[in-house]
Every structure is written in structure tokens, then in C-alpha cells.
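Q: I would like to go through this structure with you, one topic at a time. Please keep the answers plain.

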Amino acid sequence: ASPQTFWRYQLSDEPDLREIEDASREVERAFEQSIGLHLRSDVPVGLLLSGGLDSRMIGAFARSAQSSTLSTFSVGFD
């Protein structure tokens, strides 16, 4: 069998910035809501930092959503 294109995505020439801003706000809202749900606990919660942008964002959102101290951890190797 020869390779065939299954799916092709094409951007519009000029994206509507209002739509992008709306989508950005919706992603931020969903991200914030998800982190808030994951912080619900009857024991202290900690965060493992990988050094990447994703764990930094999670840490920032978790810190703003939590009134108590947030413990963070990272691991290093020689």
C-alpha cells in the first residue's frame, strides 16, 4: 500500500484575533479549574518541578489557587 494523506490542516490567511483571545481565555480557565480540582485534598499537596514550562505554569496557578504553603520538589543528578 502506498502512503496516503489522512488529514491536512490549513490555517486561514488572517486569523481572527478575537477568536484567538477567546480561545486563550478558555484554555486558561480550564487549566485553572483543573489545577483547583487536583489541589483538593485532606493532606498536604506537593508539586514535582521538572524545570520545564509546564511545571512552572502548574506551580504558578497552584500557588495562586491555594492559601496555604505549596511544597515543591525537584531532583538533580551529577
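Q: Is Phe61 buried or exposed?
A: This is a predicted model, and in this model Phe61 counts as buried, with a relative accessibility of 16%. The cut-off for buried is under 20% relative accessible area, so Phe61 falls within that class.

Q: Which helix holds Phe61, and which residue does it pair with?
A: Phe61 belongs to helix α2, which covers residues 53-65, and its partner Phe31 belongs to helix α1, which covers residues 17-38. The pair links distant parts of the chain, as the two residues are 30 apart.

Q: How many aromatic pairs are there?
A: The count comes to 1 aromatic pair. The ring centres of Phe31 and Phe61 are 5.0 Å apart and the planes stand at 80°, so the arrangement is edge-to-face. Planes over 60 degrees apart are given that name.

Q: And what about the exposure of Phe31?
A: Phe31 is partly exposed, at a relative accessible area of 27%.

Q: Which residues make up the largest nonpolar core?
A: That core has 6 residues, namely Ile35, Leu39, Leu47, Phe61, Ala62 and Leu70. Phe61 therefore takes part in the core as well as in the aromatic pair. As background, nonpolar side chains tend to be buried together in soluble globular proteins.

Q: Staying with α2, which of its residues are buried?
A: In α2 the buried residues are Ser55, Gly59, Phe61 and Ala62.

Q: How many residues does α2 have, and what is its reach?
A: Helix α2 has 13 residues and reaches 18 Å from its first C-alpha to its last. That is close to the 18 Å expected at 1.5 Å a residue.

Q: What does the side chain of Ser55 reach?
A: The Ser55 side chain reaches the backbone oxygen of Gly52 at 3.3 Å. Ser55 lies in helix α2 and counts as buried at 7% relative accessibility. Not counting residues up to four places away in sequence, Ser55 touches Leu47, Leu48, Leu49 and Ser50.

Q: Where is Phe73 found?
A: Phe73 is in strand β2, residues 71-73. Leaving aside neighbours within four places in sequence, Phe73 is in contact with Gly46, Leu47, Leu48 and Leu49. Thr5 is 68 residues from Phe73 in sequence and 44 Å from Phe73 in space, C-alpha to C-alpha.

Q: Changing topic, how many salt bridges are found?
A: The search of the whole structure finds 2 salt bridges. Arg25 forms one with Asp22, where the closest N and O atoms are 2.5 Å apart. Arg29 forms one with Glu26, where the closest N and O atoms are 2.7 Å apart.

Q: Where do Arg25 and Asp22 lie?
A: Both lie in helix α1, 3 residues apart, which is about one turn of the helix. Arg29 and Glu26 are also 3 residues apart in helix α1, so about one helical turn separates them.

Q: What is the exposure of Arg29?
A: Arg29 is partly exposed, at 40% relative accessible area.

Key:
Residues numbered from 1 in each chain as written. Predicted model: local features only at pLDDT ≥ 70, side-chain atom pairs only at ≥ 80, totals over all residues. Heavy atoms only, no water. Helix = DSSP H or I, 4+ residues; strand = E, 2+ residues; numbered from the N terminus. Contact = heavy atoms within 4.5 Å. Phe/Tyr/Trp six-rings, centres within 6.5 Å; stacked < 30°, edge-to-face > 60°. Buried < 20%, exposed > 50% of the residue type's maximum accessible area, 1.4 Å probe, protein only. Polar contact = N/O pair within 3.5 Å; in protein donor to acceptor, adjacent residues only side chain to side chain. Core = buried A, V, L, I, M, F, W, Y, C linked by side-chain atoms within 4.5 Å. Expected span 1.5 Å × (residues − 1). Salt bridge = Lys/Arg side-chain N within 4 Å of Asp/Glu carboxyl O.
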